[in-house]
Amino acid sequence: MITVYVPRDSAAVSVGADEVAAALEQAAGERIRLVRNGSRGMLWLEPLIEVATERGRIGYGPVSPHQVQGLIDAGMLDGADHELCLGVVDELPWMRDQQRLCFARVGVTDPLSVVDYEAHGGLTGLRQALAREPADVVAEMTESGLRGRGGAGFPAGVKWQTVLDTPGETKFVCCNADEGDSGTFADRMLMEGDPFCLIEGMTIAAHAVGASEGYIYVRSEYPDAVATLRRAIDIAYEHGWLGENVLGSGLRFDLFVRVGAGAYICGEETSMLESLEGKRGMVRSKPPIPAITGLFGKPTIVNNVLTLASVPRILADGGAAYSELGIERSRGTQVFQLAGNIARGGVFETAFGITLDELINGYGGGTRSGRPVRAVQVGGPLGSYVPVSQFDLPTDYEAFAAAEAMLGHGGIVVFDDTTDMSKMARFAMEFCAEESCGKCTPCRVGSVRGVEVIDRITGGEDPDGNLAVLNDLCELMTDGSLCAMGGLTPNPVRSALTHFPEDFTVNHREAK
Amino acid sequence: MSEDAETVRAIVAAHRGDRGPLLPILHDIQDTFGYIDQEWIPVLATELNVSRADVHGVITFYTDFRSEPSQATTVRVCRAEACQSLGAERLVADTEQMFGVKLGQTTPDGSVRLEQVFCLGNCALAPAVQINGRMYGRMDRARLVEVLAKGAES
Ligand SMILES: Cc1cc2nc3c(=O)[nH]c(=O)nc-3n(C[C@H](O)[C@H](O)[C@H](O)COP(=O)(O)O)c2cc1C
Ligand code: SF4
Ligand code: FES
């Protein structure tokens, strides 16, 4: 039997992976063992077929269903050459140059195989953790320097220490899998491609802070991730990885998946907690912080998917090893996501410090349209637009902040030179108006006003006066918003104005 | 109605041990009936010991919950930034023209409902569209026609 891989990842499926898998089964079903793996993250090559050979896994892609028979006839199952043949996948520069810690198994293993999971290092971290005192586990996390991957970059060890130090019979671990930001899809890929890794990370967190229950809050736009997680949790219970006596250690940990209902704001952690409690997703005032007064008022860890999925490896190899990677106060690896108008889009995990230019023009190959890059938005819809002149910026939280940008979760959306940046600024306000929870006036009303004012500016109506109004509005939103939805929406607006003022003038717009 | 009310009660009962069960219950009701009938709000309020206003408030806060039955094929076009960078706005216009309705509307024969969505997590294969829960990437007008035609066959 020859082992052949075709991803089950929903991005791969979105361009025909299921049809390719069906064609393979039909053409060579009795000769092959077909594994539906996660995606390797080279999304421009999807659907990607991999064939296990003595030389390693040979890749073919992107494959259309009608090409499958031809590939088989050409000897694909023996790893033969073909115009779609990419060679040994692990030796491709995109794969070879990464440092995959969080994504080590994604695309490599069968996501729901416990055998694969353990054979590729799974459970090592959990076993290490369970053999140690909770405080030691938290200390390891602190030493690693891991910062929250959901955007704000808050040190995970500090948060865990607070939950550990807060007395309470009942504590919770909540995973924020709301991933609503444009340009981000790594949470989804991890949940679909290596769900046990997230389960293991959450279980370590539970042991570290004394929690007995966990929730994964997944957005409803991700039905495949929800289904995969639910199956993985069932399997984990069957194998004693979850439940009343985790791996025979005496730890009790129960884990549940909860599905959102189409509200972007529920990615904000306190809104997510409200939603988990069965309420409207209204943002809570802080303090109190969730670590002390969280879900149902109990001490609660809230961490992003990738934060928690980074934990098993940190416990397996030690916090010191993790913190050796990266630069300045940005330690470890970041799972960069190259998106939008990019020739080679996907997931690239590497140590912090790599420049935007290396990522976008190097590995990403520039735009998909073939036109020059105009700007990139880093860190999601609340992140700044960064012009090409700043592409030498190292990916480091503080370096980005100093340049009035935001590294955030490392999602990068590329735009070419046909982009009208005033439209992107207007969209930022429109999005805020659409998704505001409505609690504070500067956010709820300011964003609606923002759209109107930008329309007046680009329509040539008293541009100077209205630019001043827009600036005041941005200031008001920054200062008077309870959370980052209203507070950071001025980022994309102001950066577009600062770097591309010409897009806001009538003359320029008429010339276009 | 009374049979439906029984079903609703059974759904609530299935979540008895859950903490904060309202969202899972609403999802189950919508999965079962395709929408959430106003008439079930009092049933839910009584069963969960909360006010009707609370239940109503939750249903209206979340865009996923529908108060009208719908048999339509749901076509959700992503309008977020990464998809815009590759022509999402054009795809929206094409789609609206194809079906003769705007985003947020259902065609007069009730067969297709168009919706906007902000990011489907397919931002490297933009523009993205979700049709009845299934994701499609690198979408354009021609591919959309093809996908919908195939869907109609099966
Ligand atoms: C409007 C808004 C949306 C957010 N969306 C997400 C999200 O989808 N996923 C996420 O992990 N964090 C999101 N965050 C950040 C969370 O509030 C919180 O900082 C994070 O979950 C903490 O986990 P971390 O420290 O592991 O990053 C959002 C914040 C805001 C203000
Ligand atoms: S800033 Fe906006 S989203 Fe955040 S709490 Fe205020 S109104 Fe709600
Ligand atoms: S922005 Fe459209 S899928 Fe992410």
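**Note on pockets, helix packing and backbone features**

1. Strand E9(A) contributes the most residues to the lining of the second largest pocket, namely five. Helices (H or I, at least four residues) and strands (E, at least two) are DSSP runs numbered from the N terminus. The model is predicted, with local features requiring pLDDT of at least 70 and side-chain atom pairs pLDDT 80 or more, whereas totals for chains, interfaces and linings use all residues. Residues are numbered from 1 along each chain as its sequence is written, chains are lettered from A and ligands numbered from 1 in the order in which they are written, and side-chain values use heavy atoms, without hydrogens or water.

2. The volume of this second largest pocket is about 1,200 Å³. Its lining comprises 46 residues, and those nearest the centre are A:Gly150, A:Gly151, A:Ala152, A:Gly267 and A:Glu269. Two or more lining residues come from each of helix H8 (156-165), helix H12 (269-276), strand E9 (300-304), helix H13 (305-317) and helix H20 (484-488) of chain A. On a 1 Å grid over the protein atoms alone, a pocket is an open set of points with protein on both sides within 12 Å along at least five of seven lines, a cavity is a set where a 1.4 Å probe fits but cannot get out, and lining residues have an atom within 4 Å of a point. Points are joined across faces, edges and corners, and a volume is the space filled by probe spheres set on them.

3. By class, the lining of the second largest pocket contains 18 nonpolar, 18 polar and 10 charged residues. Here Ala, Val, Leu, Ile, Met, Phe, Trp, Tyr, Cys and Pro count as nonpolar, Asp, Glu, Lys and Arg as charged, and the others, Gly among them, as polar.

4. Two cavities of 30 Å³ or more are counted. The largest cavity holds about 70 Å³ of space. It is lined by 13 residues, with A:Val283, A:Cys437, A:Cys440, A:Cys443 and A:Cys483 closest to its centre. Eight nonpolar, four polar and one charged residues make up that lining.

5. The second largest cavity has a volume of about 30 Å³, and its lining consists of A:Leu123, A:Leu126, A:Phe196, A:Ile199, A:Glu200, A:Thr203 and A:Trp241. H10(A) supplies the largest share of this lining, four residues. The lining has five nonpolar, one polar and one charged residues.

6. Helix H17 (residues 421-435) and helix H18 (residues 441-458) of chain A have axes that come within 7 Å and cross at roughly 155 degrees. H17(A) is therefore roughly antiparallel to H18(A). Axes are lines fitted to C-alpha atoms, for helices over the stretch in contact, and angles run from 0 to 180 degrees between N-to-C directions; those under 35 degrees count as roughly parallel, over 145 as roughly antiparallel, 65 to 115 as roughly perpendicular and the rest as oblique.

7. From H17(A), A:Ser422, A:Ala425, A:Arg426, A:Met429, A:Glu430, A:Cys432 and A:Ala433 meet A:Cys443, A:Ser447, A:Val448, A:Gly450, A:Val451, A:Ile454, A:Asp455 and A:Thr458 of H18(A); contact means heavy atoms within 4.5 Å. The contact residues divide into eight nonpolar, four polar and three charged. A:Cys443 of this H18(A) surface is also among the residues closest to the centre of the largest cavity.

8. The axes of H8(A) and helix H10 (residues 195-209) of chain A come within 8 Å and cross at roughly 45 degrees, which means that H8(A) is oblique to H10(A). A:Trp160, A:Val163 and A:Leu164 of H8(A) make the contact with A:Ala205, A:Ala208 and A:Val209 of H10(A). The contact has six nonpolar, no polar and no charged residues.

9. Helix H9 (residues 186-193) of chain A packs on H13(A) at an angle of about 50 degrees, with the axes 9 Å apart, and H9(A) is therefore oblique to H13(A). A:Ala186, A:Asp187, A:Leu190 and A:Met191 of H9(A) meet A:Val305, A:Leu306 and A:Ala309 of H13(A). By class, six are nonpolar, none polar and one charged.

10. A cis peptide bond joins A:Glu46 to A:Pro47, with omega about -5 degrees; A:Pro47 lies in the loop between strand E2 (32-35) and strand E3 (49-53) of chain A. The bond from A:Lys286 to A:Pro287 is cis, with omega near -5 degrees, and A:Pro287 lies in the loop between H12 and E9 of chain A.

11. A:Glu404, a residue other than glycine, has a positive phi near 55 degrees. A:Glu404 lies in the loop between helix H16 (397-402) and strand E16 (411-416) of chain A.

12. Chain B has seven helices and four strands, in the order α-α-α-α-β-α-α-β-β-β-α from the N terminus. The C-alpha trace of chain B spans about 50 × 30 × 25 Å along its principal axes.
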